[in-house]
Amino acid sequence: MYVEHRTYSITPGRVGDYLAGYGPRGYPIQKRYLGDCCLGSYLTEIGGVPEITMMWRFDTIDQRMERKAQNDRDADWQALMADRLTPYVEQVVTKMITPAPFWTDTDIDGSRYAYVEQRTYSIKSGRVGAY
């Protein structure tokens, strides 16, 4: 399993404009091509520049690349990006992450979680095993 962890830094004061374009138009387009694999869409509640984080699950990197290419070729997606999304995005950071060895792939009971804590740890190269 691979998870695409994509964080968009949004121009302060423009999160509502971004969401007004993405929610009703962008998300349905992405679901059409990426599939029903969205693990969540989250907004930064406290701290720093306003951010929106999307997480999408894929079985393989190739699956992600193929589906993303199909999505990016969609004319409606291209127009939405140019007119309603890109003008409000200051930075995009994309990571492909995999589960830690102790994590088991379990089903979530369908409940919505109100908050997700996202932590970043910087670990010296070659020291992950020692962590």
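Here are some friendly notes on how this protein chain is put together.

1. Before we start, this is a predicted model, where local features need pLDDT of at least 70 and side-chain atom pairs count only at pLDDT 80 or more, while totals for chains, interfaces and linings use all residues. Residues are numbered from 1 along each chain as its sequence is written, and side-chain values use heavy atoms, with hydrogens and water left out.

2. Let us begin with the overall layout. The protein chain has three helices and four strands, arranged from the N terminus as β-α-β-β-α-α-β. Here helices (H or I, at least four residues) and strands (E, at least two) are DSSP runs, numbered from the N terminus.

3. Of the 131 residues in the protein chain, 25% are buried (buried is under 20% relative accessible area, exposed over 50%, partly exposed in between, with a 1.4 Å probe and protein chains only). Among contacts with a separation of 6 or more, 77% join residues 24 or more positions apart; contact means heavy atoms within 4.5 Å.

4. Now look at two helices together. Helix α1 (residues 15-34) packs with helix α2 (residues 61-73) at an angle of about 140 degrees, and their axes are 8 Å apart. That angle makes α1 oblique to α2 (under 35 degrees is roughly parallel, over 145 roughly antiparallel, 65 to 115 roughly perpendicular, and the rest oblique). On the α1 side, Ile-29, Gln-30, Tyr-33 and Leu-34 make the contact, and on the α2 side Arg-67, Lys-68, Gln-70 and Asn-71. These residues divide into three nonpolar, three polar and two charged.

5. Is Gly-26 buried or exposed? Gly-26, found in helix α1, counts as buried because its relative accessibility is 0%. Leaving aside neighbours within four places in sequence, Gly-26 is in contact with Gly-21, Trp-77 and Leu-80. The C-alpha atoms of Gly-26 and Leu-80 are separated by 7.1 Å, although these residues lie 54 residues apart along the chain.

6. Finally, what does Trp-77 touch? Not counting residues up to four places away in sequence, Trp-77 touches Tyr-22, Gly-26, Ile-29, Gln-30, Asn-71, Asp-72 and Leu-85.

How values were computed. Axes are lines fitted to C-alpha atoms, for helices over the stretch in contact, and angles run from 0 to 180 degrees between N-to-C directions. Ala, Val, Leu, Ile, Met, Phe, Trp, Tyr, Cys and Pro count as nonpolar, Asp, Glu, Lys and Arg as charged, and the others, Gly among them, as polar.
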